[in-house]
Amino acid sequence: MRPGILTVYRWELVKLRFQKRTYLGLGAAALAPTLFAVAVATSNGQPEDVALGRYIHDTGLAIPFVLLLFGSIWMFPLITALVAGDIVAAEDHNGTLKTILTRSVERGQVFAAKVLATATYAIAAIVLTGTVAVVAGSLVSGFDPLPTLSGTTISPGRGLVLLGGSLLVYLMPILAVAAIGLLFSTVFRNSAAAVVGTLMASLLLQLVGILPGLGGLRPYLLSTQFDAWQGLLRQPVDWAPVVRAAWVCALYAVPALGTALLVFLRRDVDGG
Amino acid sequence: MTPVVDAPPIEVRGLVKHYGDIVAVGGVDLTVLPGDVFGYLGPNGAGKTTALRMMLGLIRPTAGSVRLFGRDPQAGVAALQGVAGFVEAPRFYPYLTARRNLELCAALDGDGADARIDEVLDVVELRDRAKVRVGGYSHGMRQRLGIAAALLRRPRLLLLDEPATGLDPAGMRDMRLLVRRLADSGMTVLLSSHLLAEVEELCNRVGIVDHGLMAYEGTLEELRRAAGIGYRLRTTHDDRALAVCRRHPGLADVAVAAAGGIVFRTADEMAVAELSRALTDEGALVLELSPSHATLEDLFFALTEGDKAPGANGAAPRTPRPAAVAERAA
């Protein structure tokens, strides 16, 4: 019996498990909230100009939300790009595409497995950051009720549920960045170029968002969608930014993945 | 995709690959028959590896077709059922152990291939090093691991690209023994190589590619027969002997050898017998009259270097230029 996508996916995860860059990315995802919590514990200052920034000494639940805001600038795009930009290019570097493409799996299966493995890694990184931030934040600031962006206060349990929802919403632009990373990884066939290219693309989109005269583009920029989770912290919940994030992210991710798939299916494997 | 009953293991027709203006493969036709150990020969840059990659479906041909047991590898991996091998050096994940690399290959093969891992490790004698990361393997060990990965598929057709390249003499000998053993077990083997002694020892049929075109395809015996048998002659009076040889019927390519003496070719042994009498009659007494069968190396160079005339690289297989073979054989 020929293997299915799940078998290929499982082995993509095995490959990730044995690569240093996976641990570099996941390590950064765990280290950032830890360092942030330490900084909160050792200083009286607070980031006043970001949502929930003024509450980081009142409840540890505010810390993961503040981290989401800071992390969107380059940390999460970089963590995502580390694997997304490498996952196809590393096969070119190692010359192993010819090894796996002469077995009994189709190219489409291999590509789908790589997409799933990249998404799994991105989810793991986000969940890790959220979990470590809640634990470390609660240790330094307590596990107390969380003020919402509408001025009301919610219980810690409800705050945890909203954090879970916020991480899910945050995952949408992260996955779009991953799709761009996969495209670069497939087209460039060079890990460093793909990782740097993905990060540069993410930073350029942020730059476009702050350039004078281009404000009209802001709702359609990928960088803007990193703030969509804030809709969940309003009462009543504002779904508009969440819905917009879903289709805007799809506008970036689907063409990127489609192009990457076409290139992967049609390319000559002439190296290695 | 249904396999064609009784289709040959490999059937290549008019295979062409262009990279922009560069012609990597200019029109290859070859047929590998069941049970063949087929030597695929050519100088470096002749397009052997590119053709092999097209045979395995890794590269899309610009024109022409490949059929493996009647199936098109461009149509999907179903065409690779019963087919295994490697092009250039076999490559593996350096951060995984040899065993885990084989487990990965077996998982992507399906069909219970994982149950054969120990068996193939034994065949290539790597079982005691299976827990070592491939990044720490020598070139020869990777070549053997490449064979092991190929054998996991229980292939009926094995494509090996320069399997002995980079190996030390003992490794080359072991690789030849292994290929011989696999061929003796009934496996059809296509062996791409520039090691002519290896091909001569292992292969029953050869294809010689030159500048991306097939210069010859057939058995080694046919190739030798086409080239004829070369003779070397030394006499007490070579000047007289040369004149006798030139007018003697049945001899061809009569020439003075660079190392002294005379060389000629003939497919008629009686002509040689009569020549010896004619030489004696002319007072040129024979010191040496010996046949020299052309080696594959002679034939190879005669095909790939001996004939550079425009148009000679046409799609039709060439026969070796006898004079070139005679010069080399002598």
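**Chains A and B: contact and architecture**

In this predicted model, 25 residues of chain A are in contact with 23 residues of chain B, two residues being in contact if their C-beta atoms, placed from the backbone, lie within 7 Å. On the side of chain A that touches chain B, the elements giving two or more residues are α1 (5-17) and α6 (97-101) of chain A. By class, this side of chain A has 9 nonpolar, 9 polar and 7 charged residues; Ala, Val, Leu, Ile, Met, Phe, Trp, Tyr, Cys and Pro count as nonpolar, Asp, Glu, Lys and Arg as charged, and the others, Gly among them, as polar.

Residues are numbered from 1 along each chain as its sequence is written, and chains are lettered from A in the order in which they are written. Local features need pLDDT of at least 70 and side-chain atom pairs count only at pLDDT 80 or more, whereas totals for chains, interfaces and linings use all residues.

Chain A holds 10 helices and 2 strands, taken as DSSP runs (H or I, at least four residues, for helices; E, at least two, for strands) and numbered from the N terminus. Their order from the N terminus is α-α-α-α-α-α-α-β-β-α-α-α. The C-alpha trace of chain A spans about 60 × 40 × 35 Å along its principal axes. Of the 272 residues in chain A, 47% are buried, meaning that 20 or more other C-beta atoms lie within 10 Å of the residue's own.

Chain B is divided into domain 1 (10-223) and domain 2 (229-292), with bounds from an automatic or database domain assignment. The C-alpha centres of these two domains of chain B lie 45 Å apart.

Methods
Buried ≥ 20, exposed ≤ 12 C-beta atoms within 10 Å, placed from the backbone.
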